[in-house]
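This report goes through selected parts of one protein structure. Please look at the sequence and the model before reading on.

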Amino acid sequence: MIRVVVVRDEGYFGVPVRAFLETEPDMHYVDTLPIGGDLAQRAAQLWPTVVVIDTEYMVSQVLPIAEDLHTAIPSCSMLLLCDPSKRGMLPPRRWNGGLNFLVKDSSPAMLADAVRRLASGERVVSPMLQAASLNTDRGLSTRELEVLGLAAEGESVKEIAGRLYLSGGTVRNYLSAIISKTGARNRLDAIRIARKQGWLR
């Protein structure tokens, strides 16, 4: 039996993942958890086979969450439901982590197929999302967007360094590069610009 946990930001009700999967005889919907500080610990207690992340967060903001989940549940696969019309929700061009990507409006059959493939150890990246990602001219790297995404959540340089396993100096270098690339006046201005471009929520 494939155990599925859904992760969602509070107040957002998107794809009816539970309704899609509850009719599948080989799948068991376990619970829906809100994104929060102790998400990884709560998810680990539910022993999921696959975690489906359905959120309005940008991919750069989901990557640290996915890393925390992977650390807490190494055997679990993760599937992020993406909106290809939002540039910030496209898969990174270089990403070797455990996160997989499917279009938000995929049919129930496609979602169930993706969950089965992940449970059997395969990787899943929607061709539509992959093509859109390759065709997007994005000024910031995936790592820079990760750093900026955490900064946008109010985390300090020290906290960002701890989350991403970087030194404080490296984080400051990333922030300086981000400010330079975006033409921003400071970190807050860079966050504003990135949100306007659709790279951050």
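I2 has a relative accessible area of 11% and is buried. In this predicted model, I2 belongs to strand β1, which covers residues 2-8. Beyond residues up to four places away in sequence, I2 touches D26, M27, H28, T49, V50, V115, R116 and A119.

One of the residues touched by I2 is M27. M27 lies in strand β2, residues 27-34, and counts as buried at 6% relative accessibility. Setting aside neighbours within four places in sequence, M27 is in contact with M1, I2, L21, A112, V115 and R116. M27 and R3 are 24 residues apart along the chain, yet their C-alpha atoms are separated by 6.1 Å.

In soluble globular proteins, nonpolar side chains tend to be buried together. Here the largest nonpolar core has 48 residues, and the members that touch the most other members are V51, I53, L69, L80, L99 and L148. Helix α3 gives the most to this core, with 6 residues.

What surrounds L99, leaving aside its neighbours within four places in sequence? L99 is in contact with I53, V62, L63, A66, M78, L80 and R123.

## Helix α6 and its surroundings

Helix α6 is mostly covered, with 9 of its 11 residues buried. The buried residues are T142, E144, L145, E146, V147, L148, G149, L150 and A151. They pack against α3 (59-72), α7 (157-164), α8 and α9 (187-196).

After α6 comes G154, which has a positive phi near 90 degrees. E155 is in the loop between α6 and α7. Is E155 buried or exposed? Its relative accessibility is 16%, so E155 counts as buried, the cut-off for that class being under 20%. The side chains of E155 and R163 are joined by a polar contact of 3.0 Å. Apart from neighbours within four places in sequence, E155 is in contact with L150, I160, R163 and R187.

Two packed helices are described by the angle between their axes and the distance between the axes. For α6 (residues 142-152) and α8 (residues 168-182), the angle is about 100 degrees and the axes are 10 Å apart. Angles of 65 to 115 degrees count as roughly perpendicular, so α6 is roughly perpendicular to α8. On the α6 side, R143, E144, V147, L148 and A151 make the contact; on the α8 side, V171, Y174, L175, A177, I178 and K181 do. By class, this contact of α6 with α8 has 8 nonpolar, no polar and 3 charged residues.

The axes of α6 and α9 cross at roughly 110 degrees and come within 10 Å. That makes α6 roughly perpendicular to α9. L148, A151 and A152 of α6 meet R187, A190, I191, A194 and R195 of α9. The residues of this contact of α6 with α9 divide into 6 nonpolar, no polar and 2 charged. L148 and A151 take part in the contact with α8 and also in the contact with α9.

Most residues other than glycine have a negative phi, and most peptide bonds are trans. Which values do W47 and Y165 have? Phi of W47 is positive, near 50 degrees. W47 is in the loop between α2 (39-44) and β3 (50-54), and with a relative accessible area of 67% W47 is exposed.

Y165 is not a glycine either, and its phi is positive at about 55 degrees. Y165 is in the loop between α7 and α8. With a relative accessible area of 66%, Y165 is exposed.

Key: Residues numbered from 1 in each chain as written. Predicted model: local features only at pLDDT ≥ 70, side-chain atom pairs only at ≥ 80, totals over all residues. Heavy atoms only, no water. Axes fitted to C-alpha atoms, helices over the stretch in contact; angles between N-to-C directions. Helix = DSSP H or I, 4+ residues; strand = E, 2+ residues; numbered from the N terminus. Parallel < 35°, antiparallel > 145°, perpendicular 65-115°, else oblique. Contact = heavy atoms within 4.5 Å. Nonpolar A, V, L, I, M, F, W, Y, C, P; charged D, E, K, R; others polar. Buried < 20%, exposed > 50% of the residue type's maximum accessible area, 1.4 Å probe, protein only. Polar contact = N/O pair within 3.5 Å; in protein donor to acceptor, adjacent residues only side chain to side chain. Core = buried A, V, L, I, M, F, W, Y, C linked by side-chain atoms within 4.5 Å.
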